Every structure is written in C-alpha cells, then in structure tokens.
Amino acid sequence: LLAVLVAQTAGIDAVPQAVVIAPEASVRFAPQPTGTVHFTLAGGAVVRVLQQQHGWTQVQRGDGRAGWVPDETVSRLLRGAVL
C-alpha cells in the first residue's frame, strides 16, 4: 500500500503547476525584461511550471506554448490545493 501511495504522489509532483496572480502576465521568449513577448496570460490562469532560474519561471499553457514570466507574477499551487 505504501508503494502505491508513493507512486501516486510522485506522479502528482511530476507536473508542478502555478496560477497567475498578476492581473496579466507577459510571457517572454527569454528570461529577461527585454525579451520579446510571446503571448499574455490573464490573472487566474493555471499553467504548468517547467523550470525556474534567476527570478524567472518558465511556464506552459495547456496548448503547449511556453515562455518565461517573472517569479512574482505566478504562485506555485500546492498538491491537493483547491481553487
């Protein structure tokens, strides 16, 4: 039973998510303030977190488009959290 619970928990953690907490977030091609804007996300949008580096989070929408936002524009969702 413990092995099953560990496997299920590992599967949940394999796809970390975040929610956009800013009114709108400009998603950039590169993790820098001068990077070209790829698309925007509305506040409340839930995205997949791909990686983080130097104050930036790489996020991915449900349709697969990905880019970088400043860390302060998103908040990681905790496992089991309800929106």
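Biologist: Before we get going, what does buried mean here?
Modeller: Buried means under 20% relative accessible area. Keep in mind that this is a predicted model.

Biologist: Let's zoom in on Thr57. Where does Thr57 sit?
Modeller: Thr57 belongs to strand β5, which covers residues 56–60.

Biologist: Why does Thr57 count as buried?
Modeller: Because its relative accessible area is 1%, and the cut-off for buried is under 20%.

Biologist: Which side chains make polar contacts with the Thr57 side chain?
Modeller: One is Gln52, whose side chain is joined to that of Thr57 by a polar contact of 3.2 Å. Another is Asp71, with a side-chain to side-chain polar contact of 2.5 Å.

Biologist: What else does Thr57 touch, leaving out residues up to four places away in sequence?
Modeller: Its contacts include Val49, Gln51, Gly67, Trp68, Val69 and Val74. Gln52 and Asp71 are on that list too.

Biologist: Back to Gln52. What does Gln52 stand opposite?
Modeller: Gln52 stands opposite Thr57 in β5.

Biologist: How do β4 and β5 pair, and over how many bridges?
Modeller: They run antiparallel, with five bridges between β5 and strand β4, residues 46–53. The two form a hairpin with two residues between the strands, and His54 there takes a positive phi near 45°.

Biologist: Now the other neighbour. How does β5 pair with β6?
Modeller: That pairing is antiparallel as well, over five bridges, and β6 spans residues 66–70. In that pair, Val59 stands opposite Gly67 in β6.

Biologist: How many residues lie between β5 and β6, and which one in the turn has a positive phi?
Modeller: Five residues lie between them in the hairpin, and Gly64 in the turn has a positive phi of about 100°.

Biologist: How far apart are Arg48 and Arg76?
Modeller: They are 28 residues apart in sequence, and their C-alpha atoms are 9.4 Å apart in space.

Technical notes: Residues numbered from 1 in each chain as written. Predicted model: local features only at pLDDT ≥ 70, side-chain atom pairs only at ≥ 80, totals over all residues. Heavy atoms only, no water. Helix = DSSP H or I, 4+ residues; strand = E, 2+ residues; numbered from the N terminus. Buried < 20%, exposed > 50% of the residue type's maximum accessible area, 1.4 Å probe, protein only. Polar contact = N/O pair within 3.5 Å; in protein donor to acceptor, adjacent residues only side chain to side chain. Contact = heavy atoms within 4.5 Å. Pairing = 2+ DSSP bridges.
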